[in-house]
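Hello,

Please find the structure we talked about below. My notes on it come after.

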Amino acid sequence: MAKTILICDDEPVIRMNLKAMLKEIGFDDVLECGDGKRAVEMALASFPDLAVLDVTMPEMDGLTAASEIRKKLKIPIMLLTNAHDAQTAKRAAECGIAAFLTKPLRQQDLIPAIELALAHTDEVEGLKEKIEDLKETIENRKMIEKAKGLLMERDRLSEADAYRTMQKMAMDKRKSLRQVADVILKG
Ligand SMILES: [Mg+2]
């Protein structure tokens, strides 16, 4: 599974070093650019798996670019900084930055940061899917309960009979209980 990485720094030498390090650890597909605005365009056009952005850049800074990218694309983004400062860290946390890398960049820092960033997104994506599934299950149950209640009242059925009626409808019509509930609720 070849991963694509977008790198963005206004200093060509830093890009060159970073690219060389990435190639050495097996990332051959590297997109590069020198300003935040272009980084946003490139990210949205080519959906990289990860982005490494310099914080201080003339046109659009890395943090602004990162938050623009993450509005549309939930990829991990790492920031390159010259020095750690509280204000930048706060903004970074707000836009979901995966890691900070301090310049000069060292390969031994880069590798674990990339691995963690990629592992973390897989985990987060997995959790999001689970949450969506759970929401759907809860919503389905709610609707089924509501429809059952309606049948009990309308046809003066016991709870068990109302449920059995719905199960039979589902089987006869080859529909899910939720679909049957929707039909009942629509009247
Ligand atoms: Mg810079």
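The notes start with the chain as a whole and then turn to some of its helices.

This is a predicted model, in which local features need pLDDT of at least 70 and side-chain atom pairs count only at pLDDT 80 or more, while totals for chains, interfaces and linings use all residues. Residues are numbered from 1 along each chain as its sequence is written.

The chain has seven helices and five strands. Both are DSSP runs numbered from the N terminus (helices are H or I, at least four residues; strands are E, at least two). Read from the N terminus, the order is β-α-β-α-β-α-β-α-β-α-α-α. The radius of gyration is 25 Å, well over the 16 Å that the globule rule gives for 187 residues, so the chain is more spread out than a compact globule. That radius is taken over C-alpha atoms, and the rule is 2.2 Å times the number of residues to the power 0.38. The C-alpha trace spans about 80 × 35 × 25 Å along its principal axes.

Of the 187 residues, 24% count as buried. A residue is buried if 20 or more other C-beta atoms lie within 10 Å of its own, exposed if 12 or fewer, and partly exposed in between, with C-beta atoms placed from the backbone.

Helix α3 covers residues 62-72, and its buried residues are Gly-62, Leu-63, Ala-65, Ala-66 and Ile-69. Seen down the axis of α3, they fall within an arc of 160°, so they line one face of the helix. The arc is that of the directions from the helix axis to the C-beta atoms. Lys-71 and Lys-72, on the other side of α3, are exposed. Among the elements covering the buried residues are β1 (4-8), α2 (36-46), β3 (50-54), β4 (77-81) and α4 (86-94).

Glu-41 sits in helix α2. With 15 C-beta neighbours inside 10 Å, Glu-41 counts as partly exposed.

How do helices α6 and α7 cross? The axes of α6 (residues 159-173) and α7 (residues 177-186) come within 9 Å and cross at roughly 110°. That makes α6 roughly perpendicular to α7, a term for angles of 65 to 115 degrees. Axes are lines fitted to C-alpha atoms, for helices over the stretch in contact, and angles run from 0 to 180 degrees between N-to-C directions. Met-166, Met-169 and Ala-170 of α6 make the contact with Leu-177, Val-180 and Ala-181 of α7. Two residues are in contact if their C-beta atoms, placed from the backbone, lie within 7 Å.

Regards

Terms used
Angles under 35 degrees count as roughly parallel, over 145 as roughly antiparallel, 65 to 115 as roughly perpendicular and the rest as oblique.
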